[in-house]
Amino acid sequence: MIEVRGLTKRYGDKVAVNDLSFSIEPGTVTGFLGPNGAGKTTTMRCILGLDYPTAGTVTIGGKRYQDLAYPMREVGALLDPKAVHGGRSAYNHLLCLAQTNGLPKKRVDAALELVGLSEVARKRSKGFSLGMSQRLGIAGTLLGDPRVLMFDEPVNGLDPEGILWIRNLMKALAAEGRTIFVSSHLMSEMENTADHLIVVGKGRLIADCTMKDFIARSSGSSVRVQTTAPDELVLAIAAEGGTATAGADGTLTVQGMPAQKVGDIAFDKGIRLHELTTVRASLEEAFMELTADAVEYRAEVRAAVPTAGIGV
Amino acid sequence: MTTTTAPSGSSGVLLEKLPPAAGKAGLAGVIRSEWTKLRSVRSTYWTLIALVVVGIGLGALICFATENHATHLGHGEVLGFDATSRSLTAFVELGQLVMMVLGAMVITAEYSTGMIRTSLTTMPRRGTVFAAKGLVFAGAALVVSVVTAFIAFFLGQAILHSTGDSATLSDPNVLRAIIGTALYVTMIGVMSFAFGAIIRHTAGTIATMVGVLFILPLIVEVLPSDWTNDINKWIPSSAGGQLIATIPGSSDPTLFSAWPQFGVTIAYTAVLLIIGAVLFRKRDA
């Protein structure tokens with residue numbers, strides 16, 4: 001549906017997106033992940049024809065965005081909820097958008113109703129909170145009943161209620177069979193909503209795979225073991241094809257076999273276990289690992305970045 | 001998670017399907033949209049009210065002053081003043097200042113608010129957006145200008161009636177002066193709109209226009225007089241004075257006559273519009 005081929009975007013001598021290629025399949029929720037400054041917004045701007053690529057092409061259903069007959073019927077995009085004229089009322093804002101694509105006025109009322117802004121429809125959007133602006137922006141994306149929805153960091157700065165609302169809305173939209181392309185630097189958000197992931201760092205593609213594969217591709221799950229005979233167990237596990245490494249606190253981290261197998265080995269060898277826990281790699285860790293070299297603005301003193309296998 | 005059921009609350013009731021549409025989103029829809037944009041912000045009304053106040057109110061004040069002066073001197077001693085010009089001078093000189101603010105804001109406000117990104121996402125054919133914006137602004141500006149110019153003229157003449165020098169629509173050049181000034185003020189607004197598309201910044205655009213309309217003539221004025229005469233006819237603001245002059249003595253003989261002089265203003269505006277349109281299409285939004 002959305003095809004990005006060899007997309008490169010340079011601002012002056014700074015390369016924001018570097019030879020990026022991916023495609024977004026219809027009917028999926030695709031998460032677009034990357035640290036801040038990885039080129040996510042730039043990529044979205046290029047898809048929407050707001051920025052012109054330095055090289056490469058972007059097509060939507062085989063067409064350039066500029067050539068779509070009714071852009072709002074194909075793609076509903078929200079990059080920046082504050083990108084509205086604050087002096088205009090919510091109703092008039094949506095009306096002027098609807099009119100460009102010949103959409104009926106009653107559509108505006110329906111969209112306002114849907115996002116819960118009917119009561120403030122005649123109020124100028126200048127006074128809206130971020131959450132209300134977000135709702136107004138989303139109302140705008142839904143006016144044209146588009147097959148594709150694009151959201152850039154939709155939960156950024158929202159309160160928990162707003163986050164829940166957006167999350168539920170995205171799920172509902174996906175359930176209707178719409179294609180959703182949503183960017184975030186918050187992994188936890190993706191873990192709950194996305195089927196597919198496109199991960200970028202420093203403007204380059206790092207991963208393009210299903211959520212499952214992405215988590216598996218990282219160090220993956222491991223098993224944490226506490227035992228009274230660590231050396232013996234390490235050897236026994238190695239003999240069965242796994243690897244066990246001793247941690248600072250005396251626990252062992254076992255990779256390459258499930259907890260059940262570790263337990264069986266210990267039982268066979270008569271080794272006493274005090275703990276046997278499966279540690280599932282979270283998306284967060286997988287992401288940290290993959291993008292470790294691709295973080296553009298790194299703090300001088302790095303906060304304790306959890307290494308794979310110790311998380312919960 | 002595509003199989004999750006719709007959540008509860010208002011977001012659960014999603015919008016109904018739209019019937020399919022034939023053809024392509026084009027100029028007509030964008031013109032309607034731009035009209036909605038123009039009429040739905042307060043700054044439009046404030047600037048148009050300012051235009052009317054300046055054009056009609058200040059115009060009337062100038063005519064009162066003239067009438068008062070003439071009455072004190074007695075008839076015959078201020079013979080030959082251009083009554084049409086008196087009634088329209090405030091509209092031309094200050095009305096253009098107001099109109100250029102509105103012309104600039106129509107496009108620069110899109111950039112200062114970020115609205116341009118939303119506008120161009122819903123309608124990515126930028127040439128169409130630029131044309132619709134320009135047409136809607138120019139149309140609205142022209143209507144308000146024509147109405148203001150006529151009212152300023154009639155009110156001014158009513159005030160000047162006692163001097164015996166007041167003009168009527170059927171006098172030579174009067175209709176040209178009224179329509180011409182309305183067109184000139186509109187054209188200055190369009191020029192400002194074009195600068196706005198190039199500069200994309202409200203204050204920068206207005207500063208540039210003030211430079212072109214008010215500072216440039218002053219600079220030309222202090223040049224050696226034969227230079228002044230040569231250059232003056234090629235600056236965009238010279239048309240205003242020529243257009244409002246209806247009797248031989250009140251126009252500037254070193255300039256072109258009214259319409260050709262206005263042609264100079266149009267030519268500059270056209271060039272700036274082309275540059276503005278090209279940049280509007282080519283630059284990242």
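**Figure 1. Secondary structure and overall dimensions of chain A.** Chain A contains eleven helices and 13 strands, where helices (H or I, at least four residues) and strands (E, at least two) are DSSP runs numbered from the N terminus. The model is predicted, and local features need pLDDT of at least 70 and side-chain atom pairs pLDDT 80 or more, whereas totals for chains, interfaces and linings use all residues. Residues are numbered from 1 along each chain as its sequence is written, with chains lettered from A and ligands numbered from 1 in the order in which they are written. The C-alpha trace of chain A spans about 75 × 45 × 40 Å along its principal axes. Of the 312 residues in chain A, 45% are buried, that is, with 20 or more other C-beta atoms, placed from the backbone, within 10 Å of their own.

**Figure 2. The nonpolar cores.** The largest nonpolar core, with 137 residues, has A:Leu94, A:Ala111, A:Leu112, A:Ala139, A:Leu143, B:Tyr184 and B:Ala194 as the residues with the most contacts inside it; such a core is a set of buried Ala, Val, Leu, Ile, Met, Phe, Trp, Tyr and Cys residues joined through C-beta atoms within 7 Å. Helix H7 of chain B (residues 174–199) provides the largest share of this core, 16 residues. A second, separate core of ten residues includes A:Val223, A:Val225, A:Ala244 and A:Leu252.

**Figure 3. The contact of chain A with chain B.** Chain A contributes 50 residues to the contact and chain B contributes 43 residues, two residues being in contact if their C-beta atoms, placed from the backbone, lie within 7 Å. On the side of chain A that touches chain B, H6(A) gives the most, with seven residues. This side of chain A comprises 25 nonpolar, 16 polar and nine charged residues, where Ala, Val, Leu, Ile, Met, Phe, Trp, Tyr, Cys and Pro count as nonpolar, Asp, Glu, Lys and Arg as charged, and the others, Gly among them, as polar.

**Figure 4. Packing of H6(B) against H7(B).** Helix H6 of chain B (residues 126–160) and H7(B) pack at an angle of about 150°, with their axes 8 Å apart, the axes being lines fitted to C-alpha atoms over the stretch in contact and the angles running from 0 to 180 degrees between N-to-C directions. H6(B) is therefore roughly antiparallel to H7(B), a term for angles over 145 degrees. Among the residues that make the contact are B:Phe130, B:Gly134 and B:Phe137 of H6(B) and B:Ile178, B:Thr181 and B:Ala182 of H7(B). By class, the contact of these two helices has 15 nonpolar, five polar and no charged residues.

Methods: Buried ≥ 20, exposed ≤ 12 C-beta atoms within 10 Å, placed from the backbone. Parallel < 35°, antiparallel > 145°, perpendicular 65-115°, else oblique.
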